[in-house]
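This report describes selected local features of one protein model. The sequence and the structure are shown first.

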Amino acid sequence: MQFHHHGYVSTDPRVQPAAGVGRDRPDDLPSEIDVLIVGSGPAGVITAAQLAQFPGVVTRIVERRDQRLIIGQADGIQARSVETFQAFGFAEQIIQEAYQITEMAFWKPNPEKPEDIIRTAVTPDDPNGISEFPHLIVNQARIIDYFNEFAERSPARSKVDYGYEFVGLEVAGTGEYPVAVTLRRTAGERKGEELTVHAKYVVGADGAKSGVRHAIGGSLAGDQSYHAWGVMDVLATTDFPDIRKKCAIQSEDGGNILHIPREGNYLFRMYVDLGEVDENDNGKVRETSIDEIIARANKIIHPYRLDVRNVAWHSVYEVAHRLTDRFDDAHAPGEEKRCPRVFLMGDACHTHSAKAGQGMNVSMQDGWNLGWKLGYVLEGRAPEALLETYSDERQVIAKNLIDFDKEWSTLMAKRPEEFNSPSELEDFYVSTAEFPAGFMTQYQSGPLTATSEHQSLAEGFPIGKRFRSERTTRVSDAVDVHIGHHHRADGRFRIYAFADRDATAMNEWAEWMLSSPESPVQRFTPLGADVDSLFDVKAIYQQDHHDVDPATISKLFLPLTGPFELVDYEKVYATKTGDVDIFETRGVSRDGAVVVVRPDHYVAAVLPFSATKELADYFAGFLSER
């Protein structure tokens with residue numbers, strides 16, 4: 001963590017100085033807003049948190065509830081999300097209070113006594129070590145709390161405006177604030193009163209029944225499985241031996257259970273199979289009582305018993321897989337493409353089962369994808385065309401998610417005799433581990449994603465996929481750090497320069513970056529701003545940190561920052577840290593490579609040091625000249 005560069009700090013260094021619109025933020029909603037976010041779920045709050053790093057952007061997030069969320073329905077936190085939390089500064093805190101999934105147990109009917117279940121397999125949760133971060137279980141409400149805390153500590157001082165319900169909107173298409181949004185107060189002395197605010201952009205993060213989606217003519221299309229599940233968060237005593245492990249439980253004739261231990265050591269969640277539902281049921285299955293769900297659970301886990309002492313929350317649902325026909329108001333089928341003004345994210349544009357633990361995780365990536373792009377456009381760093389990439393990138397990801405979840409939820413509902421092999425369920429769980437963990441997302445070539453022409457220079461950093469961190473040694477103080485953990489959600493691009501053997505090519509490239517009028521630093525860094533305000537450029541040497549000569553390090557990697565123009569010493573790294581060599585573990589060429597990473601952690605380009613024109617052209621494709 002870096003601080004003191006703006007002066008001595010004796011208070012919490014995570015609280016950044018207020019700047020721009022954060023200095024005198026009004027309590028009431030202003031009549032004119034840059035970005036109005038509807039809904040304070042995970043997708044909405046991460047969008048607001050990212051935008052809070054842009055002090056020139058007026059962001060307001062409205063929520064119809066009159067207070068914070070108490071009990072969240074989502075609880076699974078995939079490793080990709082924990083990487084994201086690291087960027088927002090709260091990974092360590094959330095890991096401390098969460099339940100960590102390290103393995104999964106599989107229970108099936110005992111062949112010698114089919115009415116009883118027995119453990120048949122235990123598989124590691126992350127067999128291939130795809131992330132340094134764990135798979136967690138924690139209440140969705142706590143995730144929202146942490147994002148809100150980050151936003152309130154950011155320069156723009158963003159926070160949720162509770163007690164406002166979305167009524168409707170109209171897009172005029174003209175003027176500086178072309179979207180007129182009607183809201184209704186849901187709490188306080190003025191409850192029921194309607195008001196209109198005008199926004200440049202509106203984000204609909206208001207759930208599966210999204211009013212914003214309806215207002216732009218969008219719809220959810222897909223299918224329903226007509227298979228019901230009862231889900232309950234309970235405190236109970238039991239003789240079931242794996243009560244503190246994630247389990248897939250298949251009984252002979254009582255159905256199945258997906259069992260999820262919860263944070264705090266005592267609470268756990270069970271998804272209890274309620275069987276097939278008649279097409280003409282008309283939702284009657286949702287009236288299933290908690291007593292019936294508990295009774296069904298006891299039948300499934302026989303010969304073990306479950307004595308429920310307290311029910312924190314329960315619900316009944318039928319699996320449905322639906323995808324919206326648009327992620328914004330400018331990509332409607334059959335309409336001429338134009339600059340979008342209204343965006344959808346999270347459950348407002350994709351719904352699926354809860355058992356793969358994807359809803360909250362994918363929704364947060366929706367929000368982070370859009371958040372920095374809105375910030376760039378509104379602060380003049382990029383033209384409006386950048387916003388068109390949100391729908392292009394995220395709609396494909398949502399479709400892949402639904403396809404995966406259909407297969408997983410179908411397997412979870414099968415009876416034992418319906419499987420092709422006795423180990424089909426656990427084999428699927430292990431073989432597809434990278435997808436639910438959040439690491440199969442790969443953006444295709446486009447304005448923000450370069451081609452794979454030079455991918456061989458850094459094979460361990462696939463273009464379009466998230467930047468996978470690795471341990472290095474910081475040269476200035478010999479501290480071993482994960483290099484990716486310095487990638488904060490501050491809206492900057494990261495450019496990693498992996499040095500050639502003697503660093504000659506890297507130093508020539510660094511000089512071009514600093515002095516050439518064609519370099520991204522010279523063309524796009526705002527006038528008067530720190531040299532690293534848009535591009536955080538880091539050097540990684542092949543040698544041990546003792547063998548890096550400080551006198552040979554380019555000033556590009558030792559920039560002067562802040563009002564006192566202090567040297568930033570946290571941009572130079574060496575590869576040798578114990579038995580870890582990032583050049584080896586990530587397949588980086590010994591001739592060197594440049595790896596460009598987007599503000600939301602995704603690898604954008606891999607280039608040789610000689611490809612200066614390609615690097616300049618990449619950024620010129622979507623950034624505005626300073």
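Contact here means heavy atoms within 4.5 Å. The model is predicted, so that local features need pLDDT of at least 70 and side-chain atom pairs count only at pLDDT 80 or more, while totals for chains, interfaces and linings use all residues. Residues are numbered from 1 along each chain as its sequence is written, and side-chain values use heavy atoms, with hydrogens and water left out. Helices (H or I, at least four residues) and strands (E, at least two) are DSSP runs, numbered from the N terminus.

**Helix H2.** Helix H2 (residues 79-87) is mostly covered, with 9 of its 9 residues buried; buried means under 20% relative accessible area, exposed over 50%, and partly exposed in between (1.4 Å probe, protein chains only). Among the buried residues of H2 are Arg80, Glu83 and Phe85. The elements that cover them include helix H1 (42-51), strand E3 (76-77), helix H3 (91-97), helix H4 (140-153) and helix H7 (359-378), as well as E7. After H2 comes Gly89, with a positive phi near 85°.

Asp126 is placed in the loop between strand E6 (113-124) and strand E7 (135-137). With a relative accessible area of 29%, Asp126 is partly exposed. Its C-alpha atom is separated by 7.8 Å from that of Glu103, 23 residues apart along the chain. Thr473, in strand E19 (residues 471-474), is buried at a relative accessible area of 1%. Not counting residues up to four places away in sequence, Thr473 touches several residues, including His545, Tyr573 and Lys576.

The table lists polar contacts, each a pair of N or O atoms within 3.5 Å; within protein, one must be able to donate a hydrogen and the other to accept it, and residues adjacent in sequence count only if both atoms are side-chain atoms.

| Side chain | Partner | Distance |
|---|---|---|
| Thr473 | Asp480, side chain | 2.7 Å |

**Helices H10 and H13.** Helix H10 (residues 504-515) packs against helix H13 (residues 612-620) at an angle of about 40°, their axes being 11 Å apart. Axes are lines fitted to C-alpha atoms, for helices over the stretch in contact, and angles run from 0 to 180 degrees between N-to-C directions. The contact is made by Trp509, Trp512 and Met513 of H10 together with Thr612, Leu615 and Ala616 of H13.
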